[in-house]
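Student: I've got a model open and would like to talk through its side chains and links. Can you take me through them?

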Amino acid sequence: VYAWLSQAQVDDFDEFELYWLGQEFDGLELYATVRQVEPTVAGEPAGRDSVDFLYGDCDARDGGCPFPLEVQVWPACRRYRALYELGGEAYPYEELRLRGVPAALFDGGTRLELYTGAVTVVLFGDGPARVREAAQHLRGTVGGPTAGDPLPLPVEGALEGTITCGGP
Amino acid sequence: MAVALTAGHWLLAEPATAHFSAGHYTYSGSCTEANRVDPVTVVLYGSATGARVLNHVQHHGGWTHQSGSPQNFLTHGQCYAMSGQRANDDGLSSRWHVRVRTTYHGDDTWGTTAMGSPHRDELVWCIHAVPPNGFNAGRTQIVNMLSPSPHHTYSHNAYWGNTQSMKQCTGSTAASNGYVAWISMPAWDH
């Protein structure tokens with residue numbers, strides 16, 4: 001499944017908790033909201049299942065380009081900290097705590113993951129400062145925590161990958 | 001000189017104490033976040049010089065075309081030009097396409113390593129765009145191309161989480177599911 005969601009579809013989404021930055025953040029307008037679901041295939045413990053909020057724009061005339069800021073929300077059963085591996089060893093990340101929940105900083109601070117409730121919120125950005133600032137402004141799409149509020153603690157097993165999920 | 005590893009692989013020796021270091025994307029220019037283009041989704045190990053990987057991709061897959069824009073890879077914290085690229089058709093066709101770069105140095109466990117960014121190029125009004133699942137499909141193509149050969153061994157898929165969405169010239173997006181396939185490369189060319 002690859003689909004662009006309307007705002008009404010985002011508002012009605014009930015498969016897992018969603019967090020975003022609103023229609024605009026730091027001068028970056030919401031470009032699109034993308035739903036991606038892929039089956040789990042052999043050799044991969046968990047397939048993709050995410051809602052991606054893309055902020056800002058970039059020039060893709062000469063090949064692909066990243067958005068200045070992106071928020072991806074995954075069920076914790078599909079994306080969790082223990083999933084990472086690099087060359088048979090632990091994948092390097094900086095462990096920290098943000099908004100009252102465990103978080104992990106990757107790739108020189110340009111990727112930040114927050115583990116809250118039964119979801120993993122992943123932020124990609126064009127610099128560590130924007131990513132950290134965005135993390136402080138995450139809020140629920142419908143209700144839930146507002147910007148700056150503490151986030152719900154992760155459910156048991158959310159970081160370790162011991163949650164079972166159904167679906168494809 | 002060769003060294004025996006516990007995994008049973010025989011590898012050409014690289015300078016000792018080296019460690020695997022590979023960036024997670026290719027870059028259109030300097031290796032800054034804004035210049036990311038494609039995710040890295042395959043690692044070749046054993047005796048994987050860039051030239052050898054290209055040689056085997058060309059032999060096993062028939063990917064002989066070399067057209068495509070140059071891109072850079074990040075390894076050992078430095079930005080380097082790709083070793084090369086191969087595709088199964090020319091630049092004005094839909095095709096499978098991979099860019100490859102040897103990592104800065106070998107690894108004590110994995111030997112000489114290289115990284116690649118295989119993907120599907122669909123011919124569209126603005127020339128080429130990667131479809132939404134085109135990075136995952138590219139990785140599968142490389143695995144299916146090399147792993148049936150007795151001198152290549154598919155090791156595993158490792159999770160790197162490089163799932164960032166990449167805008168395409170059509171305005172649509174493509175993204176990897178974050179997995180990287182590890183495949184061995186023998187110490188000889190075809």
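Predicted model: local features only at pLDDT ≥ 70, side-chain atom pairs only at ≥ 80, totals over all residues.

Student: What is the S to S distance between A:Cys77 and A:Cys165?

Tutor: A:Cys77 sits in the loop between β7 and β8 of chain A, and A:Cys165 in the segment after β12 (139-140), 88 residues apart. (Strands are DSSP runs of E, at least two residues, numbered from the N terminus.) The link is right-handed, with 105° about the S-S bond. The two sulfurs are joined at an S to S distance of 2.3 Å.

Student: Is A:Cys165 buried or exposed, or partly exposed?

Tutor: Buried means under 20% relative accessible area, exposed over 50%, and partly exposed in between, with a 1.4 Å probe and protein chains only. A:Cys77 comes in at 13%, so that end is buried. A:Cys165 has a relative accessible area of 32%, which makes this cysteine partly exposed.

Student: How many residues apart in sequence are the parts tied together by B:Cys31 and B:Cys79?

Tutor: This disulfide has an S to S distance of 2.0 Å, and 70° about the S-S bond makes the link right-handed. B:Cys31 lies in the loop between β3 and β4 (36-39) of chain B and B:Cys79 in strand β7 (residues 78-81), so the parts tied together are 48 residues apart.

Student: Why is the pair of A:Tyr93 and A:Phe106 tilted?

Tutor: Rings of Phe, Tyr and Trp (its six-membered ring) pair if their centres lie within 6.5 Å; planes under 30 degrees apart count as stacked, over 60 as edge-to-face and the rest as tilted. The structure holds 16 aromatic pairs over all chains. In this one, the centres are 5.6 Å apart and the planes stand at 45°, so the pair is tilted.

Student: Which charged residue sits over the ring of A:Phe106?

Tutor: A charge sits over a ring if NZ of Lys or CZ of Arg is within 6 Å of the ring centre and within 35 degrees of the ring normal. A:Phe106 itself is buried, at 1% relative accessible area. The charged end over its ring, 4.7 Å from the centre, belongs to A:Arg111.

Student: Which residue in β16(B) stands opposite B:Lys167?

Tutor: Two strands pair if DSSP finds at least two bridges between them. Strand β15 (residues 166-167) of chain B and β16(B) pair in the antiparallel sense over 2 bridges. Opposite B:Lys167 stands B:Thr173.

Key: Residues numbered from 1 in each chain as written. Chains lettered and ligands numbered in written order. Heavy atoms only, no water. Helix = DSSP H or I, 4+ residues; strand = E, 2+ residues; numbered from the N terminus. Disulfide = S-S within 2.5 Å.
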